Amino acid sequence: MAFNDGDLENLPEAGESARMSGTELWPFWTRVYAQGDPLPDLRCTVERPQYAFDEGEELPQEYRLLLMKMLRHEGERAGNKSFLGLMGTCLELAEAQAPTAEARVLKSEYVAEELKHAIMFHRLALGLDESFALQDVPYAHYAFHLPKETWADDAFFHFFIDLNGAFHARDWRDSSYIPLRKISRTVERDEFGHSEMGYYFYVRPLGFAQHAEIHQLGTEGGGKRGDSTKVQGLRR
Ligand SMILES: [Fe+2]
Ligand SMILES: [Fe+2]
């Protein structure tokens with residue numbers, strides 16, 4: 001089954017809720033995406049064979065192994081005990097370090113959204129292999145083991161690592177595995193919002209007005225995350 005751009009725009013967003021958040025800042029991605037796609041254009045510009053595999057279809061063995069390897073390291077699956085442990089530490093940190101009640105609510109919205117991803121990826125993993133869906137994968141990357149002694153440490157973690165997640169999901173817009181392509185837009189947008197949350201927590205002492213102003217500079221002239229030297233300069 002092939003998708004074109006129009007189809008992708010109309011895909012249902014799994015796990016979405018129409019409920020508004022308890023804080024007007026959440027979700028953070030709405031203001032950024034309202035100004036256009038914030039990520040660099042990573043479209044493939046060379047000719048290459050096009051493949052599309054859907055759930056339940058026979059997959060080439062090497063393809064299946066590489067797909068599962070990638071998903072194993074992504075980690076946000078309901079069947080991954082280590083992922084749920086990581087979410088627990090997020091709540092503990094918020095309980096001990098959140099500077100305001102609002103910050104704690106925002107962090108709980110973040111955890112809720114990561115759990116939404118865990119459900120989405122759990123469904124996807126089940127469609128591939130039941131035993132894979134239940135696999136526990138302790139986080140190997142050092143970024144997950146950096147000390148988080150302050151709220152700022154945690155904010156920095158979200159700013160960088162969730163942005164990394166947004167880039168992963170951005171890449172899946174063109175995935176040959178259709179279930180991954182279907183969830184890519186939602187995950188990308190959410191992860192971008194988590195990075196914005198981290199940034200907001202980090203610059204909070206400046207006040208939200210400056211935060212918005214910096215964003216405006218970053219998006220002037222089509223500036224995007226990853227290529228705006230103006231924003232990078234301000235953020236140093
Ligand atoms: Fe996530
Ligand atoms: Fe995230």
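Analyst: pLDDT is the predictor's confidence in each residue, on a scale from 0 to 100. The protein chain of this predicted model averages a pLDDT of 83, and 77% of the residues score at least 70. Over residues 8-12 the pLDDT is below 50, and the model gives this stretch three contacts beyond near neighbours in sequence; two residues are in contact if their C-beta atoms, placed from the backbone, lie within 7 Å. Residues 226-236 also have pLDDT under 50, with 14 contacts beyond four places in sequence.

Because the model is predicted, local features need pLDDT of at least 70 and side-chain atom pairs count only at pLDDT 80 or more, while totals for chains, interfaces and linings use all residues. Residues are numbered from 1 along each chain as its sequence is written, and chains are lettered from A and ligands numbered from 1 in the order in which they are written.

The protein chain has 10 helices and zero strands. Helices (H or I, at least four residues) and strands (E, at least two) are DSSP runs, numbered from the N terminus.

The part in question begins with α3, residues 61-74. This helix has 14 residues and reaches 20 Å from its first C-alpha to its last, close to the 20 Å expected at 1.5 Å a residue; the expected span is 1.5 Å times one less than the number of residues. Just after α3, glycine 75 takes a positive phi of about 80 degrees. Most residues other than glycine have a negative phi.

Alanine 78 lies in the loop between α3 and α4 (81-97). Is alanine 78 buried or partly exposed? Alanine 78 counts as partly exposed because it has 19 C-beta neighbours inside 10 Å. A residue is buried if 20 or more other C-beta atoms lie within 10 Å of its own, exposed if 12 or fewer, and partly exposed in between, with C-beta atoms placed from the backbone. Leaving out residues up to four places away in sequence, alanine 78 touches Ala118, Ile119 and His122.

On the α4 side the contact is made by Phe83, Met87, Cys90, Leu91 and Ala94. The α5 side includes Val111, Leu115 and Ala118, and Ala118 is also one of the residues touched by alanine 78.

α4 has a further partner: the buried residues of α7 pack against α4 and α8. Among the buried residues of α7 are Trp151, His158, Phe159 and Leu163.

The largest nonpolar core has 29 residues, and Phe121, Leu124, Leu180, Phe192 and Met197 have the most contacts inside it. Such a core is a set of buried Ala, Val, Leu, Ile, Met, Phe, Trp, Tyr and Cys residues joined through C-beta atoms within 7 Å. The elements giving two or more residues to this core are α2 (29-33), α3, α5 (101-128), α7 (151-171) and α8 (178-203).
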